[in-house]
Amino acid sequence: MQPIVVPVEHLIRVEKCRQSAIAAAESLSDNLHLWQFDLEHHRDYNPDVCSEAERCRAKRFAALRDRTSFQKSRALVRQVLGAYSGIPARQIEIALLKGGKPAMLGFPLSFNISHSGTQLVIAIRSTGLVGVDIQEVKQVQDLLELARSVFDPMEVRFLEGLLHRDRQS
């Protein structure tokens, strides 16, 4: 099975796409919809739609930034699912399946979420299971320092030899 690769420019941005619940559900058909949010800059969310369990979990985050990011992501997931199902976001019940995959109870919709850095992506599909994974790309400042922290000493020496040879070339 091959993953579905969707270029970033094809992601649905909620700020630009205000569909009604019926239009959203009809346009889903057997397609895959990906919703992308920048949690750092996104302000159009309602934290009151989060469940009591989600609010309690958010309080356990020590850093305000992490707490806010968690609440935003949960609220946005509920708001997007509400747009497709017509169910008020606060009333949506979400459970975790085996392996930790989220599921919306009482409505035939498959979804998954992934977040990295400040980005959140929600994948929605009407049939079959769906998965999504994003990863923030970070520039490595000192490759050798990173290698020393995770590699075996023999592997570090090998890498040092390669780097030394490259500098001489």
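Which residue in S6 does Ile-113 stand opposite? The legends below walk through this predicted model, and the first view holds the answer.

**View 1. Strand S5 and its partner S6.** Welcome to the pairing of S5, residues 110-116, with S6, residues 119-125. The two strands run antiparallel and are joined by seven bridges. Look for Ile-113 here: the residue opposite is Ile-122 in S6. S5 is mostly covered, with six of its seven residues buried.

**View 2. The turn of the S5 and S6 hairpin.** Moving along to the hairpin, you will find two residues between the strands.

View 3. As for disulfides, the count comes to zero.

View 4. Five side chains to pick out here are Val-140, Leu-143, Leu-146, Val-150 and Phe-151. Together they make a nonpolar surface patch of about 450 Å².

**View 5. Phe-151 between two helices.** Staying with one member of that patch, this view turns to Phe-151, found in the loop between helix H4 (143-150) and helix H5 (153-168). Phe-151 has a relative accessible area of 41%, which means that this residue is partly exposed.

Methods: Residues are numbered from 1 along each chain as its sequence is written. This is a predicted model: local features need pLDDT of at least 70, side-chain atom pairs count only at pLDDT 80 or more; totals for chains, interfaces and linings use all residues. Side-chain values use heavy atoms; hydrogens and water are left out. Buried means under 20% relative accessible area, exposed over 50%, partly exposed in between (1.4 Å probe, protein chains only). Helices (H or I, at least four residues) and strands (E, at least two) are DSSP runs, numbered from the N terminus. Two strands pair if DSSP finds at least two bridges between them. A disulfide is a pair of cysteine sulfur atoms within 2.5 Å. Patches are made of residues with over 30% relative accessible area and no salt bridge: like charges are joined within 9 Å, nonpolar side chains (Val, Leu, Ile, Met, Phe, Trp, Tyr) within 5 Å. Accessible areas come from the Shrake-Rupley method with a 1.4 Å probe; for residues, only the protein chains shown count as cover. A salt bridge is a side-chain nitrogen of Lys or Arg within 4 Å of a carboxyl oxygen of Asp or Glu.
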